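Subject: Structure handover

Hi,

Here is the structure for your files. My notes follow below it.

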Amino acid sequence: MNHKLFASMKEQLNPSLQAQGSLHEALSQPVKRKSISWRKYAAVAACAALVIAAGSAFSHLRGGPFHPGPPVAVATPTPVPTSQPSGEPLHPPDEWEITIHWDNVVVNEADGLTPDATRLYRDPELYEETVFDLEGVRDYYGWSLAPAYVPDGLTGGGHGPYGSLFRDRTTGEVIEDQAGRGFWVDFWEDGSPKSDDDIVIPKGFTITASRLGILHCCLLPVDQAYTTDFCGTAVTLSHASLPYGPFDPEKMDPSGLYHLPAGYYDIYVASFTLDGVEYEIQADRLELEELIKITASAICGRSGLPASFTVG
Amino acid sequence: METTPLRTGGQEETEAVIARYQSMVYGLAFAKTGSGADADDVFQEVFLAYWNAQTKFRDEEHRKAWLLRTTMNLSRRVTAATPRRKNVPLEDAEAVAAPFREEEENRVWAALQSLPEEQRLPIYLFYFEDLSTEAIAKALRVRPGTVRMRMTRGRERLRTLLKGDYFDES
């Protein structure tokens, strides 16, 4: 890594002298004091309690700390015109052709996102976060999330579980508890998975767990799914195919939705619930047989698969 | 190391915080907006917001996280207010006034600016601000796994653009 280069560039990243001077001048003005904190009067009036509830919800949606300040004006939505001034209905020009690819339309079940598609954010003022470590995961989930069977060539890279447990500071209730581990062919220095061949997508799998329900920040375009039984536990196996780059800027994919990719890779997912915990094992660029072995080792035998175990 | 009070405090304390974090705030704003002028505006707005909020922070990490989040929010507002493309093709980025002294530095920055924002910002925060994946995840309000994946993809594109191991492991 070019520490010297980045350090030199960083040193040069400074606001202009004019901006610094303007700021200094602005700071010399009297401080604009915060309006009265709603927290102080929380217990006083029912209307204040309503403001708190609305403020907290708003903070959750906006994803940031609630900054007391002047009330935000709510704009009245401008009605969308449905007719021209002459009264005739509006039509798109004849040369327009609108195509909807219904197989790419999915119900938004990405419950790990807020309505404005940013990741759910837990305000530290309201929720206490405990970052999962190996011991924490063992305590909470009963095991380390490392399946007994890991395909040849994959490792955890020395990295333990990731994820956090969030508790409501007021009630102590756990409101999010998702943890995971990844096993890949290689890793970057920051712990992110790294490919070891010409295809940019790393080969490996992740295992995700939650007692409250796994939160999804994206949806896979599943084209096949079926449910089967692993040692008495129902497991849904599904398949999706995704493109990988580089993408040819001159050509389009047959779907017409994106530029022609260098290729497509397989994603297999095994979803199941075991001992009150929801799991998802997602395998990128692995054969289905490998996912089945990983899943079987996690469900059927933590001590490993029997030598006679075969997929078929 | 000289400590700065955790409450915003008076002008002197605020000036100390500005001195410590102005490069971080300006650099992140510049990486996000792609414009020195916009980054100047964001820099001023962030610290005016800091000054007016008079917040008491739990610790230095809390203050830093607050500044990063505020920089992100205000940069987004500036970007939304000004019509622009979300990312600049490399050939156009290189034509913009070079912000750094050395040609190599400008080339690296232009390549970084040509990445989609979702890849550019985590890479900037990791290599230029030495933030951990977890801290980046908090600043950008995404999961650490998402940060790692975006950095992986960004690094692959940079490797192709720069034809060198600038952002690889040393």
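How many helices and strands does the secondary structure of chain B come to? Eight helices and zero strands. Helices here are DSSP runs of H or I with at least four residues, strands are E runs of at least two, and both are numbered from the N terminus.

Two notes on conventions. This is a predicted model, where local features need pLDDT of at least 70, side-chain atom pairs count only at pLDDT 80 or more, and totals for chains, interfaces and linings use all residues. Residues are numbered from 1 along each chain as its sequence is written, chains are lettered from A and ligands numbered from 1 in the order in which they are written, and side-chain values use heavy atoms, without hydrogens and water.

Chain B
Along the sequence, the pattern reads α-α-α-α-α-α-α-α. Of the 170 residues in chain B, 54% are buried (under 20% relative accessible area, 1.4 Å probe, protein chains only). The accessible surface is about 7700 Å² (Shrake-Rupley, 1.4 Å probe). Carbon and sulfur atoms hold 49% of that surface.

Strand β7 of chain A
β7(A) spans residues 204-210, and seven of its seven residues are buried. Both faces are covered. One side carries A:Gly204, A:Thr206, A:Thr208 and A:Ser210. The other has A:Phe205, A:Ile207 and A:Ala209.

β7(A) pairs with two strands, β4(A) and β13(A) (pairing takes at least two DSSP bridges). With β4(A), residues 179-184, the sense is antiparallel over six bridges. There, A:Gly180 stands opposite A:Thr208. With β13(A), residues 277-284, it is antiparallel over seven bridges. A:Gln282 is the bridge partner of A:Thr206.

Best wishes

How values were computed
Buried < 20%, exposed > 50% of the residue type's maximum accessible area, 1.4 Å probe, protein only.
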